[in-house]
Amino acid sequence: PEPATLLAAARSYWLLATAVWIGGFMRKGVDGFMLGSGYLITYLMPSILSGGLPLVIWFVGKPATSTNGFSPLTLLGVAMGTDDWINAIALLLFIACARDLQKRYDLRLL
């Protein structure tokens with residue numbers, strides 16, 4: 001491939017890879033809260049389920065990269081960045097729906 005093609009693919013991968021820290025930062029705080037509150041099963045479930053998601057995205061999306069315009073490097077960035085985001089969103093949704101947890105710790109939604 002030409003250097004310009006590689007640079008374009010590397011730029012999208014870099015943007016996706018750096019966006020992972022946002023989900024990871026949210027996840028660490030929510031993980032600590034869930035462990036401290038004693039909801040161990042709820043803490044572990046999204047981690048177990050999202051552990052295989054990057055593999056599914058990679059192996060399902062890899063054959064389609066030639067037809068949909070994504071480079072394999074972009075697909076790799078998407079696959080590697082989903083884990084923290086899925087975990088953080090799932091745990092935040094659980095906190096938003098768990099009324100007993102909200103009452104016990106006096107939590108309010110924005």
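Trainee: In the protein chain, where is confidence lowest and where is it highest?
Mentor: Mean pLDDT, the predictor's confidence in each residue from 0 to 100, is lowest in helix α5 (residues 65–68), at 74, and highest in helix α7 (residues 99–105), at 93. Helices here are DSSP runs (H or I, at least four residues), numbered from the N terminus. This is a predicted model, in which local features need pLDDT of at least 70, side-chain atom pairs count only at pLDDT 80 or more, and totals for chains, interfaces and linings use all residues. Residues are numbered from 1 along each chain as its sequence is written, and side-chain values use heavy atoms, with hydrogens and water left out.

Trainee: Which residues of α3 are buried?
Mentor: Tyr43, Pro46 and Ser50 are the buried residues of α3, where buried means under 20% relative accessible area, exposed over 50%, and partly exposed in between (1.4 Å probe, protein chains only). They lie on the same side of α3, because they cover an arc of only 75 degrees around the axis, taken from the directions from the helix axis to the C-beta atoms.

Trainee: And which residues are exposed on the other side of α3?
Mentor: Ile41, Ile48 and Leu49 are exposed there.

Trainee: What do the buried residues of α3 pack against?
Mentor: They pack against α2, α4 (53–61) and α6, with contact meaning heavy atoms within 4.5 Å.

Trainee: Changing topic, is Trp14 buried or exposed?
Mentor: Trp14, in helix α1 (residues 3–18), counts as exposed because its relative accessibility is 54%.

Definitions and conventions. Helices (H or I, at least four residues) and strands (E, at least two) are DSSP runs, numbered from the N terminus.
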